[in-house]
Amino acid sequence: MIKFSDIQISYGDFVAVDNLNLTIEEGEFFTFLGPSGCGKSTTLRTLVGFIEPTRGDIFIGENNITHLVPEKREIGIVFQSYALFPTMTVYDNIAYGLKVKKEKKDIIEQKVTEIAKKIKISDEQLYRNVSELSGGQQQRVALARALVLEPKILCLDEPLSNLDAKLRVDLRLELKRLQKELGITTLYVTHDQEEALTLSDRIAVFNNGYIEQVGTPQEIYNESKTEFVCDFIGEINKLTPETISYLNGLGSLADKKGYIRLERIRFDKLSENDQKIAAKIIDSEFNGTFVKYTVETVTNQELKIIDKNDGCSLREMGTEIDLFINAADIMQY
Ligand SMILES: Nc1ncnc2c1ncn2[C@@H]1O[C@H](COP(=O)(O)OP(=O)(O)OP(=O)(O)O)[C@@H](O)[C@H]1O
Ligand SMILES: [Mg+2]
């Protein structure tokens with residue numbers, strides 16, 4: 001268990017993170033998500049021990065580690081820039097930490113081989129220079145180098161952001177599999193909401209040095225606690241006051257701002273509580289697995305909606321359709 005208790009972190013006079021209270025459970029895959037500059041890396045670097053907080057305490061289990069040197073925290077780290085030794089072989093890069101710890105040669109060999117196998121680094125790759133590897137392979141080496149020391153906690157700061165889109169998706173699946181297999185408590189930093197949703201057991205959404213919401217991916221997405229969270233996570237329609245009052249048939253909507261996810265606007269009526277709203281298709285965007293339409297409603301509002309790709313034809317521009325919305329799917333702030 002990791003506990004941040006009333007943490008404040010400053011750079012000189014500038015307070016980068018404030019009032020941080022957070023508990024991360026053993027074995028959890030926990031993600032710090034938020035836009036650039038919101039304090040994700042600062043918080044992670046404080047846990048690792050590179051920065052001392054200006055207030056508060058950090059605990060790992062029962063131990064207060066707030067002022068402990070990084071080497072004694074037993075935390076493995078992988079950052080966006082691989083920070084490997086480019087002129088050394090993959091093997092020597094992975095073995096480096098064990099050599100520093102003066103482990104015996106045969107133990108080092110056994111541990112390096114074992115971790116390389118787990119992370120799918122081939123024997124052939126082990127004896128190549130790091131500089132001959134692709135970005136994705138180098139990031140595997142960085143991961144192996146961190147894990148070979150058998151840390152209690154793994155900290156990853158945007159480890160996939162230098163890689164191309166396809167590789168990023170492949171590696172994130174592998175990372176998740178590996179994390180579950182090893183059961184290692186993992187803190188992951190990203191500004192990529194899709195990465196956060198697919199990887200995490202829980203997510204903390206940061207904004208401007210504060211946490212806006214902590215929850216499971218489903219909670220963050222379906223029950224966004226603040227307007228910032230609902231807007232930052234995924235795509236969303238912001239409803240105009242006219243549309244909200246039009247949809248307010250059962251009187252359950254408040255006179256507040258309202259948002260609805262694209263996929264919650266339906267072509268079929270599913271329940272008695274669904275409100276019908278007529279609309280006209282004005283634009284379409286073919287995405288492969290789905291089609292995204294822009295429609296204009298009778299309330300003169302543009303909405304984005306999602307339809308599955310049925311393999312036949314796209315709905316034509318100008319087509320009049322009826323859409324159905326359940327007021328319970330509207331998030332209000
Ligand atoms: N060494 C530093 N000195 C002064 N200010 C800093 C330093 N590092 C970060 N900051 C500031 O602290 C705030 C938080 O920065 P941090 O690096 O934690 O953001 P981040 O959420 O990791 O962003 P990104 O997604 O861009 O990596 C920012 O306003 C940043 O400018
Ligand atoms: Mg950062």
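Me: How many bridges join strand β12 to β17, and which way do the two run?

Reply: The general idea is that strands of a sheet pair through backbone hydrogen bonds, either parallel or antiparallel. In this predicted model, β12 (residues 258-261) and β17 are joined by 2 bridges and run antiparallel.

Me: Let's move to β14. Which strands does β14 pair with?

Reply: Go along the chain. β13 (residues 274-286) pairs with β14 in the antiparallel sense over 7 bridges. Then β14 pairs with β15 (residues 302-308), again antiparallel and over 7 bridges. For landmarks, Glu 285 sits opposite Lys 292 of β14, and Thr 294 sits opposite Lys 304 of β15.

Me: How many residues of strand β14 are buried?

Reply: A general point before the count: in a regular strand the side chains alternate between the two faces of the sheet. As for β14 (residues 290-297), 6 of its 8 residues are buried, so the strand is largely enclosed by the rest of the structure.

Me: Is Asn 326 buried or exposed, then?

Reply: Take the relative accessible area and compare it with the cut-off: under 20% is buried. Asn 326 has 18%, so it counts as buried. This residue is found in strand β16 (residues 320-326). Leaving aside residues up to four places away in sequence, Asn 326 touches Arg 266, Ser 271, Asn 273 and Asp 274.

Me: Zooming out, where are the domains, and how many Å separate their centres?

Reply: Domain 1 covers 2-232 and domain 2 covers 236-332. Their centres, taken over C-alpha atoms, are 39 Å apart. The contact takes 8 residues from domain 1 and 8 residues from domain 2.

Me: How do I read the area buried between domain 1 and domain 2?

Reply: Start with the total and its make-up, then ask who supplies it. The two domains bury about 690 Å² between them, with 43% of it on carbon and sulfur atoms. On the domain 1 side, Tyr 221, Glu 227 and Cys 230 supply 72% of the area buried against domain 2, more than any other three residues.

Me: What about polar contacts and salt bridges between domain 1 and domain 2?

Reply: The interface has 7 residue pairs in polar contact, both residues at pLDDT 80 or more. The salt-bridge count between the domains is 2. Lys 238 forms a salt bridge with Glu 227, their closest N and O atoms being 4.0 Å apart. As for the helices, α8 (217-222) and α9 (227-232) each supply at least two residues of the side of domain 1 that touches domain 2.

Me: How many salt bridges are there in the whole structure?

Reply: The search finds 22. Arg 55 and Asp 6 form a salt bridge with closest N and O atoms 3.4 Å apart. Arg 55 lies in β4 (residues 55-60) and Asp 6 in β1 (residues 2-11), so this pair ties together parts 49 residues apart in sequence. Arg 55 is partly exposed at 32%, and Asp 6 is partly exposed at 32% too.

Me: Which residues are joined into one network by salt bridges that share partners?

Reply: Asp 6, Asp 18 and Arg 55 are joined that way.

Technical notes. Residues numbered from 1 in each chain as written. Chains lettered and ligands numbered in written order. Predicted model: local features only at pLDDT ≥ 70, side-chain atom pairs only at ≥ 80, totals over all residues. Heavy atoms only, no water. Buried < 20%, exposed > 50% of the residue type's maximum accessible area, 1.4 Å probe, protein only. Helix = DSSP H or I, 4+ residues; strand = E, 2+ residues; numbered from the N terminus. Pairing = 2+ DSSP bridges. Domains from an automatic or database assignment. Contact = heavy atoms within 4.5 Å. Buried area = accessible area lost by both parts, 1.4 Å probe. Salt bridge = Lys/Arg side-chain N within 4 Å of Asp/Glu carboxyl O. Polar contact = N/O pair within 3.5 Å; in protein donor to acceptor, adjacent residues only side chain to side chain.
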